[in-house]
Structures are given as C-alpha cells and as structure tokens.
Amino acid sequence: MPHTVSAGTIEIKPHVHTDAIFDDEVKIFIFNVSLLLESHEQGSVGVKIISTHTEVATVTDEIFIIPENKQSNITVTIYGSFLGETALKFLVNKSLNGTIRGDNVDWYDYTGTYKLVVKRDSRPIDTAFTVSIIILVCLANIAMGCKTDLAVVESTLKRPIAPLTGLASQFVLMPLIAFSLGLAFKLDAPLAFGLFAMGCSPGGAASNIYTHLLDGDVSLSVTMTFVSTVASLGFIPMWLYSLGINYIYKGAGSIKIPYQNIITSLLGLLVPVGIGILIQKKKPNWAKNIVKCVPYITALFLVFVFTVGVYANLYIFRVMTPVVLLSGALAPYLGFAFGALVAFIARQSKTNILTIAIETGIQNTGIAIVLLKVSLPPPDSDISITPPITSAIFTPIPMVIAIIIHMIRKKMQKKTLHQPETNVTMLDDTYPDNMDKNVVEMKFEEVPITDKGDDDKSKGDHL
C-alpha cells in the first residue's frame, strides 16, 4: 500500500475503559474513532489493531474503514492467552496528525496505545482446594496437640535457647537465602519478590507433622511455630520495607502486610493444638489413637497437594522455567541445611537440631501468597506466587524420603531388639541332649527377721 501524505487528525479512545481480561477469555472491546480530514482531502482511512505481545493476548486480524469527518465505533475481539501485560497498538494507513512512521512500510503508528493486562480468574476449584487444605492442617494440629507436653513447652520457654536459635534461622537466614537466590538466578522482579516474601514468612504448620513423623521434639516444634508466627508481625514488614521495595521490586509502592491472615494462622495453630491438649488430658486413649492417624493424614495431604493442587495451579507450570524451579526448590533445602548448621553451632541436642532444621526450611507459604496477591498489581500478583507454590511442591520431597528411611530403620531396630527374646524362649522350652537342665542354678538367700518391728519385717519381706 503506497503512503499518502494527508492533512487531517485522527483520535482513538476506548468506549469503556477496561484494561483487564482473564486468561483464556474472549472479550469484546469497543473504541471510538474520530477522523477529521482537511477540506481538500477525501476518502476514508483504514485502521487495524495489533497486540504487542501475542503470547499474552491476540487480536482479530481485521481492517476497519473509518469514513471521513465522522465518528465511528470499532469492535475488536481480544483473546487472553496467558498472564502478562501487552499493549494494543493502532495502525493507520494514512499520515495524519497523531500518527508517526512505524516499522511497517504500509502503515503509520497511532501515537496512543492501550495497555491491557491478562490476569487469572478465581475458580471454585481454587476455593475447594484451599478449604480442604485448611481442614487437613487443622486435623493434623489437633493430633500435634495430643502429642504436645505442656511441661516441655514451659521448660523450653524458660530456657529459650532452642526457640531463639530457630528464630534466628527463620528470620535472618531464610530472607538472606531467598534474596541471594533471586540475585544469583537473575529472576524477574515479580518472581524475585515472591521468593523473598516466602523467605520472610514464619514456619508452616506442616513442620509439626514432619517433626512428629521423624521423632523430633513436637513440643519444641509447636512452640517455635507459635513464636515465629508472632515474630513475623514485625519481621515481615522490616524485610519487605528494606530489601523488598528498595532493591527487589522497586515499583511496589505500598506493601500491604496481611496482619489479619497472620493472626488467623495463629488461631489456626493455637485452637486445634489446644483442642488436642484438652483431649490428651481428658481422654488419653483417644489422644493415642488420634496420634496414630497422623501418617494417614499426612499421606492424604500429600496426595491432595500433588493431584488437586497441581491441577488447580496448572498455569504455574508455564511460568516455571528451570531457573524458577531450581530457586524454589533450593530455598527450603538450604533452609534445612543452614538451620541444622546453626543449631549444631548452638550445641543443641540431636533431636533439637532435627526440629530446628525442619522448622527453618518449611515456610508458611499461605501468608506469602496472600501478601503478594493484595500488594502487587496484576499480572505480577499472579506471577509472583510462582516461587512460593514451587517451594510448596518441592518441600515435601526430602521430607517424605527421610520419613521412609526413618520408618525402615525403626522396623529394623525393632526386629533386632526382639531377637534376644526369641532366643530365651527357645532355650527355655527346648534343651539339647548334651545340656544339663539344671545348668541354671537359682540361689535363695535367707534374710533374718530382726526384732526391730514391723518396718524391718516389711523391709525383709520386700527384699
């Protein structure tokens, strides 16, 4: 199409200002086009619209004819392909005021563009998955209450070396680990900020379950989860308002700390654990049976996460590049390692080292996800939750492997311990021909009864 030098003006505005569309959604957009040509100009003008990022949204390939000196409405069909930002670019086939020479030799670029965001729509399966996870975690916390020893909790709080060691690991090591991984792997700002927000979060309730299954100190684990959740009310703002918005996500502006969700997490820990402690005191037999259910609750939890959870968040896998996967997995794994190292340096017992390592590596990803959702604009709010979800998927892997190995070792040790009893029974019931049945000689020593009274008699009888 040859260029025609024309004198005139074109103006394009949205009929209704809507700058968002959901992924996998088809939506109609209407634009008002005003065309004013000079008196010596005649004819119409052709306009078409393209998306600058077709992987985010696509536009129907159509040329709209705008009559001279008239206002017209053009209707555009747009399909939201995936999360992200794009711009609708208007191309005009004549040189008018408001246009510039573009890359396409047959078209001029209209100077104004229309920003479009493709975001994720909330679905019923998302709500169902969240509610189911909350129920399973509450049931597990009731079981942890049945296992919690208040005397141990009181003793731990009186000499809080272990909780303070865990607290230092949780809110010094983990934020720095997450920050370093974001820098090392050169993650985009939303992804790096999501990873950092997860690293600043308190310990997750799942740590109590894994501690129990690995024979750690459940009372210490519950205490540390409570302490870290309370401390997060101060530590999360400290980290996010320092490194978070100054170095990682500079456009964040005002970060909204989800205090309500943090308090809800506290209640979600304290109330079920309190119920479990009450059951332990009033119905000890019930408590024992509930504790026995923990492996089954854990198995159901993991199956649910890796089936329904994965299906509900399939879009995440399109964002999960190898670098994102690696950083999301390394965050908890390094937390386990460095948490154990700090506990070892603090000269903690083997059981406490295990408990502190688990508590350090397992984060409350729910708090991080809510924080990111309410603080960042779409689509960054949806993209930034990828590292926390990635971490939640990869965290159970070493835990499950460790639990399987631990259970196998426990069964082998039980067989070893029962072996001597089997030998004694054999010797007691059967005797080889060359063995004297009286080889075991039993001796009784007569204890004289003195005249010192009933007390001495009772002592003699006892002996």
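A: A salt bridge is a side-chain nitrogen of Lys or Arg within 4 Å of a carboxyl oxygen of Asp or Glu. Side chains of opposite charge can pair when their charged atoms come close. The model here is predicted, so local features need pLDDT of at least 70 and side-chain atom pairs count only at pLDDT 80 or more, while totals for chains, interfaces and linings use all residues. Residues are numbered from 1 along each chain as its sequence is written, and side-chain values use heavy atoms, with hydrogens and water left out.

Q: How many salt bridges does that rule give?

A: The count is 8 salt bridges. One of them joins the side chains of K89 and D109, at 3.4 Å from N to O. Helices (H or I, at least four residues) and strands (E, at least two) are DSSP runs, numbered from the N terminus.

Q: Are K89 and D109 buried or partly exposed?

A: The terms rest on relative accessible area: buried is under 20%, exposed is over 50%, and partly exposed lies in between (1.4 Å probe, protein chains only). K89 is partly exposed at 23%, and D109 is buried at 10%.

Q: Which strands pair with β8?

A: Two strands pair if DSSP finds at least two bridges between them. β8 pairs with strand β4 (residues 45-51) in the antiparallel sense, over 5 bridges. Within that pairing, V47 has V92 of β8 as its bridge partner. β8 and β11 also run antiparallel, joined by 8 bridges. There, K89 has T113 of β11 as its bridge partner, whereas its salt bridge is with D109.

Q: Which residues are linked in a network of salt bridges?

A: The network links R120, R123 and D126. Within it, the side chains of R123 and D126 meet at 3.5 Å, N to O. D126 is buried, with a relative accessible area of 14%, and R123 is partly exposed at 33%.

Q: Which residue meets D215 in a salt bridge?

A: The partner of D215 is K410, at 3.2 Å from N to O. This pair links distant parts of the chain, 195 residues apart: K410 is in helix α16 (residues 396-429), and D215 is in the loop between α5 (206-213) and α6 (218-248). Both are partly exposed, K410 at 33% and D215 at 41%.

Q: Which stretches does the UniProt record mark as "transmembrane region"?

A: UniProt positions are given in the numbering used here, feature names are shortened, and annotations may be inferred rather than shown by experiment. The unreviewed UniProt entry gives residues 128-146, 167-185, 191-210, 222-242, 262-281, 293-317, 323-346 and 388-408. In the model, residues 167-185 are 95% helix and 0% strand, with end C-alpha atoms 27 Å apart. Residues 191-210 are 70% helix and 0% strand, and there the end C-alpha atoms are 28 Å apart.
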